Amino acid sequence: MPVDVVVGAHWGDEGKGKIAAALSTDAHACARFQGGPNAGHTVVLPTGATLVLRSLPSGLAVGSAGVIGGGCVVNPAMLLDEISTVEAVTGSLEGRLVVSSRAHVITDEHLATDRGGGAVGSTRMGVGPAYAAKMQRSGVRMGDLVGPGEVPGVDPSLRARVKERLSDAVQDERPVIRGWIDAGLRVVAEGAQGARLDIDHGDYPFVTSSNTTVGAALTGLGLGPRDIDRVLLVTPTYVTKVGGGTLPHRLSRVPERLLRQRGNEVDGATGSVRDVARLDLRWLRAAAVLNQATGIILTKVDVFLDDHPLEVVGPDGDVVCLPWWTEQDAAAPLNSGPIRRFVALVEQAVGAPVVAVSHGPAVGDLAWT
Ligand code: IMP
Ligand code: MG
């Protein structure tokens, strides 16, 4: 069972990109299974170089192979730009990138439809309209772009660039992934967004247009449940949100501003400032149950307030003050009494083990318990 699935517990921006990259340093491949360039996965490399990945899987940043699965939607022009940006840091992705021929294309028409963001305050990347076209059976797929037929609605010069750069990469990803699995090679399945944005299980209608929970890793990559080893649910010590809908337990102005500054809570994909709220352990538990998480990964323990303790919403809905910790605690989280008490509180409330604690933005800032 060589597949590890990484999913977000809330509204995205939990730090999945960094976790997927860290896992991919020991894996053969990393595969995105849903969403599109509405995602913004930030990977800070040991050299200090920072990459914000929108469509490409985060493992590519650390040298693994990468797959954009059939469950994703792709903006081809953005993808070509992103490939160039990543290649400037990592060297050529030639032979390392597979783009599913079944992934749907975000067209100019989809972008125009999504331009205002609509009532849900979308990222305006055309993701919702592209998935709508897929469901209406009127979509264009990546395989169409590199194929011989007519493709109305796609600029011919863009199509020529796609053919030139991606003809080899665009293929049926399923036999490729199956080959890796059969050879016992480890694959990281990287989710985008988070459980509260799931089209079926999230806060409808303030959701994204794909499933962001574990089942999408199967349908989006052509896997079966028995392929999965670990399901890793990523949560920060506080939660953030952009776009429409309400954010329960939002912090007051001063702590929100401090956490925003210290956590650099500006959206990687859209540049919008994120609202900040207390972590609700009841929801975290629900997300763990929904995903059947085998482990929780706690992120951003290095982002905290100096003079007042961080608060979370406990199992009974009451506000719980966390034991206060310092920079030294955050630097070595597993040796820290206060952080260990927090970990114990999470494990008890959620009913799943905390398997790793992320204590800084870089890929290496991760302590496995
Ligand atoms: P869409 O996915 O662009 O259609 O936007 C739908 C909702 O999901 C909006 O509230 C977005 O702000 C939110 N959203 C989509 N992708 C992300 C993400 O990667 N991080 C955080 N919020 C997201
Ligand atoms: Mg993001």
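A salt bridge here is a side-chain nitrogen of Lys or Arg within 4 Å of a carboxyl oxygen of Asp or Glu. The views below come from a predicted model.

**View 1. Asp275 and Arg250 form a salt bridge.** Their closest N and O atoms are 3.2 Å apart. The pair links distant parts of the chain, 25 residues apart. Asp275 sits in strand 13. Arg250 sits in the loop between strand 12 (238-241) and helix 9. Asp275 is partly exposed, at 22% relative accessible area. Arg250 is also partly exposed, at 41%. Elsewhere, salt bridges with shared partners join Asp4, Arg186, Asp229 and Arg230 into one network. The count of salt bridges comes to 18.

**View 2. Asp227 pairs with Arg178 in a salt bridge.** The closest N and O atoms lie 2.9 Å apart. Asp227 has 10% relative accessibility, so it counts as buried. Arg178 is partly exposed, at 29%.

**View 3. A magnesium ion (ligand 2) is held by two residues, Asp13 and Gly40.** Asp13 coordinates through OD and Gly40 through O, at 2.0 to 2.5 Å. Asp13 lies in the loop between strand 1 (3-8) and helix 1 (16-24). Gly40 lies in the loop between strand 2 (29-32) and strand 3 (41-44). The pair therefore ties together parts that are 27 residues apart in sequence. Both Asp13 and Gly40 are buried.

**View 4. The loop between strand 10 (187-190) and helix 8 (215-221) holds Pro205.** A cis peptide bond joins Tyr204 and Pro205, with omega about 5°. Most peptide bonds are trans. Gln193 lies in the loop between strand 10 and helix 8. Gln193 is not a glycine, yet its phi is positive, about 55°. Is Gln193 buried or exposed? Its relative accessibility is 9%, so Gln193 counts as buried.

**View 5. Asn264 has a positive phi of about 50°.** Asn264 is not a glycine. Most residues other than glycine have a negative phi. Asn264 is found in the loop between helix 9 (253-262) and strand 13 (275-280). Asn264 is exposed because its relative accessible area is 55%, and the cut-off is over 50%.

**View 6. His104 lies in strand 8 (residues 104-105).** His104 is buried, with a relative accessible area of 9%. Leaving aside residues up to four places away in sequence, His104 touches Cys72, Val73, Val74, Lys134, Gly139, Val140 and Arg141.

Conventions: Residues are numbered from 1 along each chain as its sequence is written. Chains are lettered from A and ligands numbered from 1 in the order in which they are written. This is a predicted model: local features need pLDDT of at least 70, side-chain atom pairs count only at pLDDT 80 or more; totals for chains, interfaces and linings use all residues. Side-chain values use heavy atoms; hydrogens and water are left out. Helices (H or I, at least four residues) and strands (E, at least two) are DSSP runs, numbered from the N terminus. Buried means under 20% relative accessible area, exposed over 50%, partly exposed in between (1.4 Å probe, protein chains only). Contact means heavy atoms within 4.5 Å. Donors are N, O and S atoms within 2.8 Å of the metal (3.2 Å for Na, K and Ca); water is not among the atoms, so sites may look incomplete.
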